[in-house]
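Hi,

Here is the structure I promised to pass on. Have a look, and then read on for what turned up.

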Amino acid sequence: MRILVTYASKYGATEGIAEHIARTLDAAGHTTIVRPTRANDDLGGYHAYVIGSAVYLGKWLSEARKVVRRNTTALAGKPVWLFSSGPLDVAITEAAKRKQLAEATPKHIAELTKEIRPRGHRMFSGSLDAARLTRLDRLVRMSPGGKALLPDGDFRDWSDIKDWATEIALELDELPAGTLPDDRRT
Ligand SMILES: Cc1cc2nc3c(=O)[nH]c(=O)nc-3n(C[C@H](O)[C@H](O)[C@H](O)COP(=O)(O)O)c2cc1C
């Protein structure tokens with residue numbers, strides 16, 4: 001099956017997550033194309049989609065929001081999964097971490113969910129290299145409480161990401177015939 005993994009990333013953390021997802025799907029026998037999201041992309045031509053974005057100030061990057069809105073018709077009825085990369089101050093225990101990640105989900109994901117009915121959305125912890133931030137992002141980080149919420153470091157949980165991609169591969173294998181386009185065998 002041909003799967004598009006497309007991502008919006010400012011500093012590369014989300015790109016790394018997208019590539020890890022793509023590698024896992026490839027290893028499960030799918031043909032995966034991974035590429036950065038452009039707002040004016042037409043997303044037709046794939047059997048399934050994984051779409052992700054970094055979260056800045058509570059929102060997906062604009063190109064990711066726009067590409068989903070632009071492609072609601074192409075995506076509706078196809079298997080779609082969404083992911084976000086964000087929280088850096090993640091709690092230590094697994095249960096607390098799940099709760100905290102869920103609470104950090106951007107509010108507009110609920111809207112996108114209504115429009116394209118994805119099979120799932122997952123919030124992953126992210127990564128931040130303070131030395132690489134733009135002046136504006138550095139100012140946001142230096143605002144009161146900013147450093148505590150946006151600590152420097154790589155908090156990406158590679159096994160969590162791999163497990164999620166493995167679940168996607170299993171779900172795709174289990175889709176009943178007729179759910180997919182006729183060229184399923186390609
Ligand atoms: C200025 C700034 C604002 C951020 N705002 C949020 C936020 O609102 N919610 C969140 O979960 N993460 C937030 N983050 C963390 C980023 O989403 C995280 O570092 C992400 O993994 C970056 O991905 P990228 O390198 O692909 O852009 C913020 C980071 C910066 C620098």
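First, a term: two strands pair if DSSP finds at least two bridges between them. Strands here are DSSP runs (E, at least two residues), and helices are runs of H or I with at least four, all numbered from the N terminus.

Before the findings, a caution: this is a predicted model, so local features need pLDDT of at least 70 and side-chain atom pairs 80 or more, while totals for chains, interfaces and linings use all residues. Residues are numbered from 1 along each chain as its sequence is written, and side-chain values use heavy atoms, without hydrogens or water.

Now to β5, residues 80-86. Strand β3 (residues 48-56) runs parallel to β5, joined by 6 bridges, and β6 (residues 120-125) also pairs with β5 in the parallel sense over 6 bridges. Phenylalanine 83 is the bridge partner of glycine 52, and in β6 its partner is arginine 122. β5 is mostly covered, with 7 of its 7 residues buried (under 20% relative accessible area, 1.4 Å probe, protein chains only). Val80, Leu82, Ser84 and Gly86 point one way, and Trp81, Phe83 and Ser85 the other.

Cheers

Terms used
Buried < 20%, exposed > 50% of the residue type's maximum accessible area, 1.4 Å probe, protein only.
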